[in-house]
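Trainee: I would like to learn how to read helix packing and sheets. Could you walk me through an example?

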Amino acid sequence: MIYLDYNASAPIDMRVLDKMVDVYKNDYGNADSRTHDYGEAARKIVDNSRQQVADLLGINKDEVFFTSGATESNNIVVQGLRKYGIESNKKHIITSAIEHKAILESVKSLEAYGFEIQVINPNKDGIVAAKSVIESVREDTLLVSIMHANNETGVIQPVKEIGDYLKNNNVLFHIDATQTCGKLVEEIKTLNYDMMSISAHKMQGPQGVGGLILKKKNYRLPPVTPLFFGGSQEHGIRPGTLPVALIAGFGKACEIAINEYRLNYAHCIDIKKKIINLLDDSGIEYVVNGTQDSCMPTTINISIPNVSSEALMLSTKQYCGISNGSACNSSSYKPSHVLSAMGLDFDIIESALRISWGHDTKTDELLYEFSRLIETAKSFLS
Ligand code: PMP
């Protein structure tokens with residue numbers, strides 16, 4: 001049995017879990033309690049984690065805001081700019097057709113408030129051209145939101161080029177870095193952006209905690225307003241009692257990533273090479289969806305023509321945990337909005353498999369179970 005759906009959620013690192021258990025057992029105070037040492041101890045843990053997230057991203061710790069995950073962070077960015085957009089009469093938003101639904105559906109909801117949403121399509125390789133984004137910028141553009149790497153194809157987007165342009169153009173730039181945080185560690189540090197979304201469980205931290213990064217310009221935060229009210233936590237941007245143990249786990253996952261990302265990257269690249277070799281040696285006909293010239297080392301999206309991915313996943317689920325897209329959409333089968341936007345043929349979309357792994361994936365087990373999957377696919381074809 002092998003788990004190959006890390007892009008949906010990665011298994012927690014045992015060192016992270018140990019840290020969390022320790023906090024749950026010993027530091028159960030509310031980080032905002034001022035009247036006793038329990039509160040002070042919890043506050044210190046949160047503060048330390050905030051520093052660890054900041055260190056991973058190469059930013060200041062007062063630019064890190066803890067949320068429940070990237071879905072919430074994306075929503076704060078989009079919904080939180082509504083008031084400012086209306087007041088400043090900047091109601092044009094640019095995004096791409098391959099974003100996570102937490103962006104696409106959130107920006108769509110702003111149309112009811114008079115916002116105009118421009119959705120840029122990727123090319124057949126799965127890349128959203130920087131030029132298309134840049135050329136779409138107008139006087140009234142409020143926000144550009146582009147993901148760092150796509151969760152279905154792993155294709156890395158030209159956010160460096162886009163950010164460098166927008167930096168001087170008075171347009172807010174948001175990057176959904178959920179799939180790259182802790183993996184493209186050096187690259188992220190070089191990016192220019194105003195806001196960034198991340199989720200701990202995609203980098204072997206706990207589920208249910210993430211971050212919204214709000215970069216300061218001239219000592220001022222981007223003009224987002226909160227979605228919730230009733231507390232002053234996280235500068236009022238995300239009120240509510242902080243989940244101290246989850247935050248401690250997130251911080252620990254960041255610390256581990258800082259120390260180990262280079263080795264992890266090399267191991268994941270090696271796994272990808274071996275998967276491709278296995279496919280090539282098997283003689284099965286397959287296509288890779290999304291360019292490999294600019295792709296995450298942890299993801300590959302392939303189609304085996306004439307083999308329905310739904311049928312294949314069902315027949316192999318006892319030993320292979322893979323998916324054909326985002327878990328957020330997978331309860332009802334709909335063709336992937338990402339592959340559709342890339343203009344791929346319907347039969348390629350219908351046979352698409354997303355395989356994603358991590359540094360702790362055991363290569364031998366993976367190759368053994370994956371070759372069983374290929375044999376099953378072959379049997380469908382004969
Ligand atoms: N953005 C991207 C690119 C993602 O892959 C995901 C998770 N599939 C999210 C946002 C949402 O993250 P979460 O479910 O942790 O809120």
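Mentor: We will take a helix pair and then a sheet. This is a predicted model, where local features need pLDDT of at least 70, side-chain atom pairs count only at pLDDT 80 or more, and totals for chains, interfaces and linings use all residues. Residues are numbered from 1 along each chain as its sequence is written, and side-chain values use heavy atoms, with hydrogens and water left out.

Trainee: At what angle do the axes of H1 and H9 cross?

Mentor: Two packed helices are described by the angle and the distance between their axes. Here helix H1 (residues 14-26) and helix H9 (residues 244-282) have axes that come within 8 Å and cross at roughly 150 degrees. Helices (H or I, at least four residues) and strands (E, at least two) are DSSP runs, numbered from the N terminus; axes are lines fitted to C-alpha atoms, for helices over the stretch in contact, with angles from 0 to 180 degrees between N-to-C directions. H1 and H9 are therefore roughly antiparallel (over 145 degrees).

Trainee: In which order do the seven strands form the open sheet?

Mentor: Strands of a sheet pair through backbone hydrogen bonds, either parallel or antiparallel. The order here is E2-E8-E7-E6-E5-E3-E4, with mixed pairing (a pair needs at least two DSSP bridges). Strands E2 (64-67) and E4 (116-120) stand at the edges with a single partner strand each, so one side of each has no neighbour in the sheet. The twist averages 20 degrees from one strand to the next.

Trainee: How many bridges join E2 to E8?

Mentor: Four bridges join E2 to strand E8 (residues 210-214), and the two run antiparallel. Val64 stands opposite Ile213 in E8.

Terms used. Parallel < 35°, antiparallel > 145°, perpendicular 65-115°, else oblique.
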